[in-house]
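Subject: Structure handover

Hello,

The structure follows below. My notes come after it.

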Amino acid sequence: MSETLGRVIKWNKAAAPIAGLTDIQFTHNSESVDVTTMDDDGIRKLLAESAEVSTDISVSGIAKDYVLQDLHFDNGTSQQYADMDFTWDDGRKIAGSMNLTNISYGAPYKDKITFTASLQMSGAITLTKAV
């Protein structure tokens, strides 16, 4: 990957971009399993296999429509979506079931309405590499 601008990444719901993004943060986690015992003379020993692998995503932006608010209220207690993905201009894509875990809006008296949202990937993640 060469240096590029963040704006090449799009967040999509059912292949339609979610408008207004100004920031996206991806956090890929791999939880280690510590198997250190007193026999290891104080040197940490980790299993090669992770206990759990996860991807969390935070987004923020300027509210341009009601898409996120509608998603939150229209689906009741089910906030898992299988039709969301993040795509790059070069064809790279991260897709899978995503839980929309929170949405927050800021509406200052004399400024734009902004939002932040958090997603957690659930189950297998599909990574399509750049062309």
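Which strand gives the largest share of the lining of the largest pocket? That strand is E3, with four residues of the lining. Strands (E, at least two residues) and helices (H or I, at least four) are DSSP runs numbered from the N terminus.

Some conventions before the rest. This is a predicted model, in which local features need pLDDT of at least 70 and side-chain atom pairs count only at pLDDT 80 or more, while totals for chains, interfaces and linings use all residues. Residues are numbered from 1 along each chain as its sequence is written, and side-chain values use heavy atoms, with hydrogens and water left out.

Pocket and cavity

Both come from a 1 Å grid over the protein atoms alone: a cavity is a set of points where a 1.4 Å probe fits but cannot get out, a pocket is an open set with protein on both sides within 12 Å along at least five of seven lines, and lining residues have an atom within 4 Å of a point. Grid points are joined across faces, edges and corners, and a volume is the space filled by probe spheres set on the points.

The largest pocket has a volume of about 220 Å³. Its lining consists of Gly-6, Arg-7, Ile-9, Lys-10, Trp-11, Pro-17, Ile-18, Leu-21, Thr-22, Asp-23 and Ile-24. Strands E1 and E3 (21–31) each contribute at least two of the lining residues. By class, six residues of the pocket lining are nonpolar, two polar and three charged. Here Ala, Val, Leu, Ile, Met, Phe, Trp, Tyr, Cys and Pro count as nonpolar, Asp, Glu, Lys and Arg as charged, and the others, Gly among them, as polar.

The count of cavities of 30 Å³ or more is one. The largest cavity has a volume of about 50 Å³, and among the residues that line it are Ile-18, Ile-62, Lys-64, Asp-65, Tyr-105 and Phe-115. The cavity lining divides into eight nonpolar, no polar and two charged residues.

E6 covers residues 84–88, and five of its five residues are buried. Buried means under 20% relative accessible area, exposed over 50% and partly exposed in between, with a 1.4 Å probe and protein chains only. Met-84, Phe-86 and Trp-88 point one way from E6, whereas Asp-85 and Thr-87 point the other way.

Two strands pair if DSSP finds at least two bridges between them. E6 pairs in the antiparallel sense with E1 (residues 9–13) over five bridges, where Ile-9 has Trp-88 as its bridge partner. With E7 (residues 93–106), E6 pairs in the antiparallel sense over three bridges, and there Asp-85 is partnered by Ala-95. The hairpin of E6 and E7 has four residues between the strands, and Gly-91 in this hairpin takes a positive phi near 100 degrees.

Aromatic pairs

Rings of Phe, Tyr and Trp (its six-membered ring) pair if their centres lie within 6.5 Å; planes under 30 degrees apart count as stacked, over 60 as edge-to-face and the rest as tilted. The count is three aromatic pairs. One of them, Trp-11 with Phe-86, is stacked, at 5.7 Å centre to centre and 5 degrees between the planes. This pair links E1 to E6 across 75 residues of chain. Trp-11 is buried, with a relative accessible area of 0%, and Phe-86 is buried with a value of 0% as well. The rings of Phe-26 and Phe-86 have centres 5.3 Å apart and planes at 80 degrees, so this pair is edge-to-face. It links Phe-26 in E3 to Phe-86 in E6, 60 residues apart. Phe-26 is partly exposed, at 24% relative accessible area. Trp-11, Phe-26, Phe-86 and Trp-88 form one aromatic cluster.

Backbone and one further site

Most residues other than glycine have a negative phi, and most peptide bonds are trans. Ala-14 has a positive phi of about 55 degrees, and Ala-15 has a positive phi of about 70 degrees. Ala-14 is exposed at 52% relative accessible area, and Ala-15 is exposed at 69%.

Thr-101 is in E7 and is partly exposed, at 43%. Its C-alpha atom is 5.5 Å from that of Ser-118, 17 residues away along the chain.

Regards
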